[in-house]
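Dear colleague,

I am handing over the structure below, together with notes on what was found in it. Please read the notes with the structure open beside them.

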Amino acid sequence: MPISNSLHISASGLTAERLRLDVISNNIANANTTRTANGQPYRRQEVVFAAREDTPFSTMLANARCGSKTNSAGKGVNVISVQPDMQRDFKMVYEPGHPDADARGYVRMPNVEPITEMVDMISATRSYEAGITAINSAKQMEQKALEIGRA
């Protein structure tokens, strides 16, 4: 696999993680939004990733074990979709003075948990940093290869 492929793979990961950070930031910003354009509370958004590979991982692993020289490396990552989190229900908070309170005084609040979002943000940040490290390593290898070629 050429080193330039590793740069493209890492770049796809950086792009995906940047979008993930944007979605997490949007979730945090809307943690108290009780009414959106459709009249419902804000619903937490999730990013769905998928591998950009033509070859299944099991085949790549088998090729690596038997020493196959076929080009079966992955091609990076794609963002498949940004979709609402339908598994978590809205939180019901008793706040009778709120404009969006129902007849019993309860307000439906977004299904955003700030602690979960912060953990996801840390994870996305670490993944982004790992991608930067991989790009820097590939650049250093290319520079060393050029130095060897000059000697």
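Predicted model: local features only at pLDDT ≥ 70, side-chain atom pairs only at ≥ 80, totals over all residues.

**Confidence and local findings**

The chain averages a pLDDT of 89, with 85% of the residues scoring at least 70.

Residues are numbered from 1 along each chain as its sequence is written. Local features need pLDDT of at least 70 and side-chain atom pairs count only at pLDDT 80 or more, while totals for chains, interfaces and linings use all residues, and side-chain values use heavy atoms, leaving out hydrogens and water.

Asp 85 lies in the loop between strand S2 (77-84) and strand S3 (91-94), and it is buried because its relative accessible area is 2% (buried means under 20%, exposed over 50%, partly exposed in between, with a 1.4 Å probe and protein chains only). The side chain of Asp 85 reaches the backbone nitrogen of Gln 87 at 3.1 Å, and, neighbours within four places in sequence aside, Asp 85 is in contact (heavy atoms within 4.5 Å) with Arg 43, Arg 44, Glu 46 and Asn 111.

Asn 30, in the loop between helix H1 (3-29) and S1, is also buried, at 18%; a polar atom of its side chain lies 3.0 Å from the backbone oxygen of Asn 26.

Kind regards

Notes
pLDDT = per-residue confidence, 0-100. Helix = DSSP H or I, 4+ residues; strand = E, 2+ residues; numbered from the N terminus. Polar contact = N/O pair within 3.5 Å; in protein donor to acceptor, adjacent residues only side chain to side chain.
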